[in-house]
Amino acid sequence: MNRPVPAIFDRALQKQHYQRIAPHLSKTDFLLRHMAENINERLLDINRQFANALIICPLPTITHSMPALQKKIRQFATAAPSAILQPDIVLDEEQLDLAPHNYDLIISIGSLHLLNDLPGALIQFHRTLRPDGLFLASFFGGETLCELRQAFAEAEMACEGGVSPRVHPFSALQTLGDLLQRAGFALPVADSDTVIVRYANALALLQDLRHMGQSNSLHARRKFLRRAVLEKCLAIYQEKFTDSDGKLTARFDIHTLAGWSPHKSQQQPLRPGSAQHRLAEALGTKEEKL
């Protein structure tokens, strides 16, 4: 019996965020471009061409940061959560509603961290790929915005005697490879890199997050932020996370995933007991029986 998926994120509110910030997103797309460049490097390392690809991103023009698309893909379509952003397809990654085996490459940039059902979405991506198709994704995870999370928690404890969710939870890298395997992907790879962004003040960070469409969309969020809490948060951030030149730091961990739809041509693991040589021989040591 399948358990219902907890509704952590308000997906309707998230869509409203993207619609509201559409005019600003291209001005604060530096982290999306970093993710796109990660994907671009992986495409360049793959020695094959793709006939039909789908690129899913809140900002469809991010494809301009991916020159490998022109070299590796015969044709591709862009998809986004809002028609205002002018993609080829408007879709929700939790409900892809795409024909099975429709693409041989699917790329997701900057959105998997906002899904309520990431395992379910990965299963849908797998179903949509043709055999020997490739799935690539890059998104926020790990200790992203840990400074802001700490500052808000300390401010709310000081002002209100309790803590409410102000910063989104993010996936740990260690779980993502297992999720790819459980979804049916072969040869899964999950890695991460950290980007440190420096700001003149914490308000500039908050404004960037809003213009990126990363405002708080948690169902459990408090609807209002008291001025006293915000001011305390800004003061704590300034005190604890300032460099010697007065600039504040904000951490963003970027997770990147790769997985293949299984095919008989792919490298296969050996059957247990099928090894032709003993480990002791390879190491040049004497084998002793216990």
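Q: How many nonpolar, polar and charged residues does the lining of the largest pocket have?
A: In this predicted model, the largest pocket has a volume of about 450 Å³, and among the 22 residues that line it, those closest to its centre are F152, R166, Q214, S215 and N216. Sorted by class, the lining of the largest pocket comes to 12 nonpolar, five polar and five charged residues.

Q: Which element gives the most residues to the lining of the largest pocket?
A: The elements that give two or more residues to the lining of the largest pocket are α5, which spans 146–160, and α7, which spans 202–211. The largest contribution to this lining is three residues, and the element that supplies them is α7.

Q: Which elements do the buried residues of α7 pack against?
A: The residues of α7 that are buried, which here requires a relative accessible area under 20%, are A202, L205, D208, L209 and H211. As a general point, an α-helix has 3.6 residues a turn, so residues three or four places apart point the same way. The partners against which the buried residues of α7 pack are α1, α2, α5, β6, α8 (227–240) and β7.

Q: Which residue caps the N-terminal end of α7?
A: At the other end of the helix, α7 is followed by G213, whose phi is positive, near 80 degrees. At the N-terminal end, a side-chain oxygen lies 3.2 Å from the backbone nitrogen of L203, and the residue that provides this oxygen and caps α7 is N201.

Q: Is H17 buried or exposed?
A: H17 lies in helix α1, and, once residues up to four places away in sequence are set aside, H17 touches G213, S215, N216 and S217. The cut-off for a buried residue is a relative accessible area under 20%. Because the relative accessible area of H17 is 4%, H17 is buried.

Q: How far apart in space are H17 and T128, C-alpha to C-alpha?
A: H17 belongs to helix α1, whereas T128 is one of the buried residues of α4. The two residues are 111 residues apart in sequence, and the C-alpha to C-alpha distance between H17 and T128 in space is 27 Å.

Q: What is the volume of the largest cavity?
A: A search of the whole structure finds one cavity of 30 Å³ or more. The residues that line the largest cavity are Y18, L25, T28, D29, L31, L32, P58, G110, F140, M212 and Q214, and they divide into seven nonpolar, three polar and one charged. Both α1 (11–25) and α2 (30–45) supply at least two residues of this lining. The volume of the largest cavity is about 80 Å³.

Q: Which strands are the edge strands of the open sheet?
A: The open sheet has seven strands, with mixed pairing, in the order β3-β2-β1-β4-β5-β7-β6. In general, strands of a sheet pair through backbone hydrogen bonds, either parallel or antiparallel. The strands that each pair on one side only are the edge strands, namely β3 (89–90) and β6 (186–199).

Q: How many bridges join β6 to strand β7?
A: Strand β7 pairs in the antiparallel sense with β5 (residues 129–141) over eight bridges, and here F135 stands opposite G259 in β7. The strands β6 and β7 (residues 248–260) run antiparallel, and the number of bridges that join them is 12.

Q: Is T249 of strand β7 buried or exposed?
A: Strand β7 is largely enclosed by the rest of the structure, because 12 of its 13 residues are buried. Leaving aside neighbours within four places in sequence, T249 is in contact with E147, I196, V197, R198, Y237, F241 and D243. With a relative accessibility of 14%, T249 counts as buried.

Q: Which elements do the buried residues of α4 pack against?
A: Helix α4 (residues 118–128) is largely enclosed by the rest of the structure, because eight of its 11 residues are buried. At the start of α4, a side-chain oxygen of D117 reaches to within 2.9 Å of the backbone nitrogen of G120, and G120 is itself among the buried residues of α4. The elements that the buried residues of α4 pack against are β1 (50–56), β4 (103–109), β5 and α6 (173–182).

Key:
Residues are numbered from 1 along each chain as its sequence is written. This is a predicted model: local features need pLDDT of at least 70, side-chain atom pairs count only at pLDDT 80 or more; totals for chains, interfaces and linings use all residues. Side-chain values use heavy atoms; hydrogens and water are left out. Two strands pair if DSSP finds at least two bridges between them. Helices (H or I, at least four residues) and strands (E, at least two) are DSSP runs, numbered from the N terminus. Buried means under 20% relative accessible area, exposed over 50%, partly exposed in between (1.4 Å probe, protein chains only). On a 1 Å grid over the protein atoms alone, a cavity is a set of points where a 1.4 Å probe fits but cannot get out, and a pocket is an open set with protein on both sides within 12 Å along at least five of seven lines; lining residues have an atom within 4 Å of a point. Grid points are joined across faces, edges and corners, and a volume is the space filled by probe spheres set on the points. Ala, Val, Leu, Ile, Met, Phe, Trp, Tyr, Cys and Pro count as nonpolar, Asp, Glu, Lys and Arg as charged, and the others, Gly among them, as polar. Contact means heavy atoms within 4.5 Å. A polar contact is a pair of N or O atoms within 3.5 Å; within protein, one must be able to donate a hydrogen and the other to accept it, and residues adjacent in sequence count only if both atoms are side-chain atoms.
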